[in-house]
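Please read them with the structure open.

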Amino acid sequence: MEILITYGHREEDLASLPIRDLALFVLECEGKPINTEVSISFVDDTAMAELNERFRGMEGPTDVLSFECDNIDDDITAADGPSCPVYELGDIIIAPDVAARQSTEFGNSFEQEVSLLIVHGLLHLCGYDHIVDEEAEVMEARERELLTAWTERDLPAVSENR
């Protein structure tokens with residue numbers, strides 16, 4: 001799997017975060033093939049506001065946008081190998097300034113907020129949505145499940161003798 005990361009804004013705050021590892025973790029959990037490619041770009045509020053207006057008809061910056069490339073309904077089960085063509089799942093655009101404001105508002109760390117936005121964007125590319133309440137519940141539950149698993153992945157097992 002290939003994760004292409006572009007730091008167009010706040011690289012100094014983002015470069016030390018495990019962005020690539022988190023994206024790989026989510027894609028593996030979602031059963032994506034080895035030839036999957038995703039791009040993640042970080043942009044300033046102005047660029048995000050322009051994208052939000054252009055593609056969603058909404059004013060101002062949003063936190064994350066996802067743009068699908070290859071159709072998620074394509075049969076890619078037979079295309080899971082190093083010699084197979086690249087499966088371009090899509091592009092995720094994140095506004096780190098919005099993430100910073102939201103982290104303050106919701107009481108998360110900057111890393112937690114960026115992690116949530118990465119997971120959220122990837123789940124959109126994997127076919128999840130939140131337009132109707134039932135879909136939102138499913139997507140939010142999967143976000144929580146993945147973020148919990150991510151957070152707990154390196155924790156040492158607690159000894160039963162304690």
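1. Which residues are buried in H3? In this predicted model, they are Asp-45, Met-48, Ala-49, Leu-51 and Asn-52. These residues lie on the same side of H3, because the arc they cover around the axis is only 165 degrees. Thr-46, Glu-50 and Arg-54 are exposed on the other side of the helix. As a general point, an α-helix has 3.6 residues a turn, so residues three or four places apart point the same way.

2. What do the buried residues of H3 pack against? Their partners are strand E3 (64-68), strand E4 (87-94) and helix H4 (96-106).

3. The length of H3 agrees with expectation. The helix has 12 residues (residues 45-56), which at 1.5 Å a residue should span 16 Å, and its end C-alpha atoms are 15 Å apart. At the start of H3, the backbone nitrogen of Thr-46 has a side-chain oxygen of Asp-44 within 3.2 Å. After the helix comes Gly-57, with a positive phi near 70 degrees.

4. The sheet is open and consists of four strands in the order E1-E2-E4-E3, with mixed pairing. Strand E1 (2-7) and E3 are at the edges and have a single partner strand each, so one side of each lacks a neighbour in the sheet. From one strand to the next, the twist averages 15 degrees.

5. Which strands pair with E4, and in what sense? E2 pairs with E4 in the parallel sense over seven bridges, and Ser-39 stands opposite Asp-91 in E4. E3 pairs with E4 in the antiparallel sense over five bridges. On that side, Val-64 stands opposite Ile-94, and Ser-66 has Ile-92 as its bridge partner. E4 is also mostly covered, with six of its eight residues buried.

6. H5 lies across E2, E3 and E4, and runs at about 140 degrees to E4.

7. How many of the residues of H5 are buried? The count is 12 of its 16 residues, so by the cut-off of under 20% relative accessible area the helix is mostly covered. The buried residues include Phe-110, Val-114, Leu-117, Ile-118, Leu-122 and Leu-125. Glu-113, Ser-115 and His-120 are also among them.

8. H5 is followed by Gly-127, which has a positive phi near 105 degrees.

9. One backbone angle deserves a comment. Most residues other than glycine have a negative phi. Arg-10 is not a glycine, yet its phi is positive, at about 60 degrees. The residue is found in the loop between E1 and helix H1 (11-14). Is Arg-10 buried or partly exposed? Its relative accessibility is 21%; since buried means under 20%, Arg-10 counts as partly exposed.

Definitions and conventions:
Residues numbered from 1 in each chain as written. Predicted model: local features only at pLDDT ≥ 70, side-chain atom pairs only at ≥ 80, totals over all residues. Heavy atoms only, no water. Helix = DSSP H or I, 4+ residues; strand = E, 2+ residues; numbered from the N terminus. Expected span 1.5 Å × (residues − 1). Buried < 20%, exposed > 50% of the residue type's maximum accessible area, 1.4 Å probe, protein only. Arc of directions from axis to C-beta. Contact = heavy atoms within 4.5 Å. Polar contact = N/O pair within 3.5 Å; in protein donor to acceptor, adjacent residues only side chain to side chain. Pairing = 2+ DSSP bridges. Axes fitted to C-alpha atoms, helices over the stretch in contact; angles between N-to-C directions.
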